[in-house]
Amino acid sequence: MDFLPLAPPRATPVRILTVAGSDSGGGAGIQADMRTCALLGVHACVAVTAVTVQNTMGVKHFHEVPADTVAAQIAAVVPDIGIQAAKTGMLASAQIITAVAEAWRDLGLTVPLVVDPVSASMHGDALLATSALDALRDSLFPLATLVTPNLHEVRLLVGIDVVDAESQRAAARALHALGPQWALVKGGHLPSAEHSPDLLYDGKDFLEFPGPRVATGDDHGAGDTLAAASAAALAHGFSVPDAVAFAKRWVTECLRAAYPLGHGHGPVSPLFRLGLAAP
């Protein structure tokens, strides 16, 4: 596959900000975001929202970072370092979501924002308070360039069970109505599809991104990886459709390179890039 441009030696690379939780197992969350950014030649700044106690078998507990500390991390990084795009992952609570949205507006940010509305781990462990769904819909989605929910998150956000192409389109319309510029409904867990069909919608046109379904149980961090790769491409000036197409190819290769870890689900792996020559 083609990769993103790399900065010359000693030149400052493009920067993105990831606002998300920490995964002690290293497979998802900020750790997954930073792995993808590093392997794509992008500098990742971070605002940590929560510290999770988890391994490959599930999330045991998590500790929220105070909302004002999350906002302070954003306010410290952005004016000093500068960012060309941002993404959010696990935000944990309505207070943190509101603080992130307020920080975004206070800083006058206009760079692309990818919102991955993380609500549960792949094991079904809750990572977002139910009361925070309204804050996501009302405060953060209207600021988003792109939202990237999985099918479980779609059901929580808009009450639609995506089971086929028709319901996938209905979900995309409902998500777009919440205010983002683009809505991506991922089909990796769509039971009726032989492949992995993702659907992108901007309020006018539907764009389909078919892809192979990679047979692996080691898929921890796939959603984070796709959102991070999308943000990295947007930081380079890609259009949203081109950024999604790139991210889809990237996460597919990461799934192919996934490795077993621990006694549960291993992570998708961008480390495949290390075995390839730079462009």
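Modeller: The chain of this predicted model is divided into domain 1, residues 15–144, and domain 2, which is made of residues 148–215 together with 240–266. The C-alpha centres of domain 1 and domain 2 lie 19 Å apart, and the contact takes 22 residues from domain 1 and 20 residues from domain 2. The size of an interface is often given as the accessible area lost when the parts come together. Between domain 1 and domain 2 the buried area is about 1,700 Å², with carbon and sulfur atoms giving 62% of that area. On the domain 1 side, Thr56, Arg137 and Phe141 lose the most area to domain 2, and together they account for 31% of what that side buries.

Helix H5 covers residues 151–158, and Asn150 caps its N-terminal end, with a side-chain oxygen 3.1 Å from the backbone nitrogen of His152. Within H5, the residues Leu151, Glu153, Val154 and Leu157 are buried; they cover an arc of only 155° around the axis, and therefore lie on the same side of H5. An α-helix has 3.6 residues a turn, so residues three or four places apart point the same way. The partners against which the buried residues of H5 pack are helix H4 (133–140), H6 and E7. After H5 comes Gly159, whose phi is positive, near 70°.

Helix H6 has 12 residues, 165–176, which at 1.5 Å a residue should span 16 Å, and the 17 Å between its end C-alpha atoms agrees with this. Its N-terminal end is capped by Asp164, a side-chain oxygen of which lies 3.3 Å from the backbone nitrogen of Glu166. The buried residues in H6 are Ser167, Gln168, Ala171, Ala172 and Leu175; because they cover an arc of only 145° around the axis, they are on the same side of H6. Among the elements that cover these buried residues are helix H5 (151–158) and the strands E7 (182–185), E8 (198–201) and E9 (206–209).

Leaving aside residues up to four places away in sequence, Ser230 touches Val114, Leu146, Ala243, Val244 and Ala247.

Definitions and conventions: Residues are numbered from 1 along each chain as its sequence is written. This is a predicted model: local features need pLDDT of at least 70, side-chain atom pairs count only at pLDDT 80 or more; totals for chains, interfaces and linings use all residues. Side-chain values use heavy atoms; hydrogens and water are left out. Helices (H or I, at least four residues) and strands (E, at least two) are DSSP runs, numbered from the N terminus. The expected span of a helix is 1.5 Å times one less than its number of residues. Buried means under 20% relative accessible area, exposed over 50%, partly exposed in between (1.4 Å probe, protein chains only). The arc is that of the directions from the helix axis to the C-beta atoms. Contact means heavy atoms within 4.5 Å. A polar contact is a pair of N or O atoms within 3.5 Å; within protein, one must be able to donate a hydrogen and the other to accept it, and residues adjacent in sequence count only if both atoms are side-chain atoms. Domain bounds come from an automatic or database domain assignment. Buried area is the accessible area (1.4 Å probe) that two parts lose on being put together, summed over both.
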